[in-house]
Amino acid sequence: MTVRTSRRERRRQARLEEQEQSIPVELYGLRRGTVPLLTALAFLFATFTLIPIAWILINSTKTQANIFETFGFWFARPFDFFHTFSLLFQNVDGYGTYIQWFGNTALYAVIGGVGATALSAFAGYGLARFRFRGSRVAFYVIIAGLLVPITALTIPLYLTYAKAHLINSIWGMVLPSMVSPIGVYLMRTYAEISVPRDLIDAARIDGGGELRIFFRVALPLMVPGVVTVLLISVVAVWNNYFLPLLIFNINTKYPLTVGLGLWSGRAVNSGDADLYPMLVMGGLVTIIPLIALFLVLQRYWRGGMLLGSIAN
Amino acid sequence: MSAIGLENLSKVYASGVTAVSGLSLDVDEGEFVALVGPSGCGKTTALRMVAGLETITSGTVRLSGRIVNDVSPRVRDIGMVFQNYALYPHLTVAENIGFALANKGVPRKERNRRVREAAATLGLQDLLGRKPRQLSGGQRQRVAMGRAIVREPAVFLMDEPLSNLDAKLRVQMRAEILRVHQAIGSATLYVTHDQVEAMTMGDRIAVLSGGRLQQYGRPRDLYARPANLFVARFIGSPEMNLYQATLDDSGDLVLGSQRLALGGRPTPLEGRPAPLEGRAGRPVIVGVRPEDLLLGPGETTSSSGSGSASASDSDSASDSLGAGTLTADVRVVEPLGSEVHAIFSIDAPAAVDPDLTASAEETDDLLPGLAYNGVARLDPRTAVRPGERVTFRVDPARLHFFDPTTGLAIGWPGDRAPDQAGARADSA
C-alpha cells in the first residue's frame, strides 16, 4: 500500500515539477492560439499512425468473410480470434509455419540486433575518443554507407554470398545485419556528448586498461544511446524483407516478412479460405514483440547520467 | 634525486600553437610546487605532459629519475585531481576511491581497508555509499582527492582543484590539501591561476607566461625579488605599482614631474651591487609595492581642484618635499577592514602592461577624473579620503628596477635571463 501511495505521490511531484518548469509560450515568441493548433495537428498525425493498428486489432477477431463484408473499424460475430491464432502454429499447404518464421525472425533479430549494437558501441566510442590515422576517413566512409540504397547492392551482394556459401545460411542474414552505419554514427555522437575526456583520462591515471575503461566507465554512461541503437537495429532486422528474400530459398529459414509475403501472394492467387485472417493475425503478432521491447527499454532513456561527475 | 624533473619540455600543437616552450624545473621529494600563471600560459598542458595525457614535442619528463616520455599514464604511479573532479558518476564514493586499487587487482578486503583509511583522512566516512550526484561541491572535491591519494602515489598532480568552489570553501580546502600533503608526503605539482593560492600553498612557485618559465623560487623570494616585469605584476595583490622613470646625473630618479632622491647613493638596495651604475640619463622602470608607500605624517592637504589637478602643477612643491617622497591624488578609497587600499593618481607615466588592452588614456576617457595609476596599502585607521592630495614616503631600498627594453630586473648579480634565473633563484 505504501509503495503504491509513494509512487502516486512521486508522479504527482513529477507533474508539479513539470508545471513549474514549463514556460509560457509567449516567451518563445509564439501566440497563444498556436499551441492548440499544433496540438490538433499532432493529434491528427497520431490518429493517422494508429489507424492501421486499430484495424489490424479489430480484424484479427473476424472470419475471412467478415473481413471483407463488415465495417472495417468495428467487431462482427463470430469471434474468431483464438481459432485464427491457433492456425499460426500449423503448416499451411506446405508453405511453412508462422511460428517457425517467428522463431527465425527472433533469432536473426537478437543476434543481428545485439551484434550491431555491440559493434556500433565499440566503433562509435573508438571514433569519438581516439584519434588515429584514418579515423576521420573511416568515419566518412561509414556515413557514406548510409547513403547507398540496398537495392543497388542486390547483384553484387548475391554473387558474393554465393561465392562465400552464405546462401540459405543464418550467417548470411546475421552478419550484414551487424553492420549498422546509422548505429555507429549515433554511438559516436552520443559517446562524444556523454563520455567526457577527463573521465577517461582519470580512469587511465587510475591504472585502467582501455577495455576495462570502456566497460566500466564509458559504457554505463552510454546506456541511453546503446538502448536507442539496440531498438533501431532490432527493428531493422525484424522488418528486413529484401535481404532474406535474396538469400533464403528454403521456407523453413524464412523470417516473418518473407513468410507472410508468401502467404499474401498465395491468398491473392488462390483465394484460400483461411489465409486472410491468418495474415491479419500474423501481422498483429509480428508487431507485439517490438512494442514490448520499446516499453521495456523505455526506462533506460533518462537524462542526468553525468550529474555530479563533472563540475562546470 | 628529484621526484619530478622537467628538462627543456616543449609542446607544439598540430595547429602550430606553442603551449609550452623549454620548460625546465625540478620538484623534490615531498615538496609542494605551485605552477602558476594566467589562463592559456601552458600550465595545464605542462601538467598533462607530466601525467602522460599529452604527447611531448621535445624535452624529457623524469619521474623518480626515470624518463617516462613514452610511458603510459597508467603505469606512471601518479595521482591526479582534475579541475572538474571527473568522478565516475555511476559509481559510489567507495567505488570511485577504490577504482584504482581494483584496477591493480588489490584484494577486496585490503581495498576496503585502504578506501576507509583514505576516506577517514578526508572526512568522507559517512558518504562512502553515496553517488557523486548526492554530494556537495566540497565533498566531490574531496572524493577526487581520495581517489588520488588512496594508491599512495609517488607523485601527486592537481589541476586547479579549487577553482569550482566558492571563496570560503576554497580557503578551507587550501588548508585541507596542505594537511593531506603533509600526511602523505608525495611530491606535488599544483596548477593554479590564483597567485594567492600559489603563495599560500607552494614550497616553491613556478611562474609561467606564454609557455615559458618566468621565475622559479620560494614565495617570499618571488615577492621580494621578482625576476622580471611579468612576475612583478603577477605576484602580489594589489599588484606592484610600476612607473617609467629616468635616472638623472645626480643619481635621483625622475618620475614625470616628480623627483625621488635615492639618498645620493647609486646603490641603494641592500644586497644588490651597483644596480643602477652606468644607467645615468637612461630610462628605467621603477616598481614599488603598495605596502611600501607610507603615508607621510601630517602631509595630507585637501586638493581644491578636480581630477585634473595632480602633482604636475607644482614641480617646485614636489621638489621641496625632499628625498624619498611622492605626491599623489587619492581617487578611490577601499576599506577592507584589516587594511585600506588608497587608489591614487600620480603624475608619472605608468609602465604599460602589454597584456592589458585598455591603456591609461582610455580609462581616462571612460571615467574622466577617475584615472588612476597606483595603489597604496594603508593602515585601516588612516583617515584618507577621495580627493585628498597625499605624500608618500618611499624607502629607496624597497624599490624595484627593471630594464624597459628587456623587462628584466636590474640589480641582481649578472642580470640573468628569467629562464636561467628561474632555475635556482631560491638559492640566492
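A residue is termed buried if 20 or more other C-beta atoms lie within 10 Å of its own, exposed if 12 or fewer do, and partly exposed in between, with C-beta atoms placed from the backbone. I applied this scale to D403(B), which is partly exposed because 17 other C-beta atoms lie within 10 Å.

**Entry 1: the model and its numbering**

I note that this is a predicted model, in which local features need pLDDT of at least 70 and side-chain atom pairs count only at pLDDT 80 or more, while totals for chains, interfaces and linings use all residues. Residues are numbered from 1 along each chain as its sequence is written, and chains are lettered from A and ligands numbered from 1 in the order in which they are written.

**Entry 2: D403(B)**

I located D403(B) in the loop between strand 21 (400–402) and helix 11 (418–423) of chain B. Helices (H or I, at least four residues) and strands (E, at least two) are DSSP runs, numbered from the N terminus. I then listed the contacts of D403(B), two residues being in contact if their C-beta atoms, placed from the backbone, lie within 7 Å. Setting aside residues up to four places away in sequence, D403(B) touches L408(B) and I410(B). I also looked up G42(B), which is 361 residues from D403(B) in sequence and 26 Å from it in space, C-alpha to C-alpha.

**Entry 3: R151(B)**

I found R151(B) in the loop between helix 4 (137–149) and strand 7 of chain B. Its contacts, not counting residues up to four places away in sequence, are G79(B), A100(B) and L101(B). The C-alpha atoms of R151(B) and G98(B) lie 8.8 Å apart, with a sequence separation of 53 residues.

**Entry 4: a sheet in chain B**

I traced an open sheet of 6 strands in chain B, with the order 6-7-8-3-9-10 and mixed pairing. Two strands pair if DSSP finds at least two bridges between them. Strand 6 (78–81) and strand 10 (212–217) of chain B are the edge strands, each pairing on one side only. From one strand to the next, the twist averages 15°; axes are lines fitted to C-alpha atoms, for helices over the stretch in contact, and angles run from 0 to 180 degrees between N-to-C directions. Strand 6 and strand 7 (residues 155–159) of chain B run parallel and are joined by 4 bridges. G79(B), a contact of R151(B), stands opposite F156(B) in strand 7 of chain B.

**Entry 5: chain B overall**

I recorded 11 helices and 21 strands in chain B. Of the 428 residues in chain B, 44% are buried. Among contacts in chain B between residues at least 6 apart in sequence, 72% join residues at least 24 apart. Chain B is divided into domain 1 (4–232) and domain 2 (239–410), bounds that come from an automatic or database domain assignment. I found 7 residues of domain 1 of chain B in contact with 10 residues of domain 2 of chain B.

**Entry 6: the domains of chain A**

I noted a division of chain A into domain 1 (2–79) and domain 2 (98–300), with C-alpha centres 29 Å apart. Contact between these domains of chain A involves 8 residues of domain 1 and 8 residues of domain 2. On the domain 1 side, helix 2 (34–59) and helix 3 (64–69) of chain A each supply at least two residues. The largest share of that side, 3 residues, comes from helix 2 of chain A.

**Entry 7: helix 8 of chain A**

I checked helix 8 (residues 170–177) of chain A, where G172(A), M173(A), V174(A), P176(A) and S177(A) are buried. Their cover includes helix 5, helix 7 (154–163), helix 12 (223–239) and helix 13 (242–247) of chain A.

**Entry 8: the contact between the chains**

I counted 21 residues from chain A and 26 residues from chain B in the contact. On the chain A side, helix 10 (197–205) and helix 11 (210–221) of chain A are the elements that give two or more residues. Helix 10 of chain A provides the largest share of that side, 6 residues.
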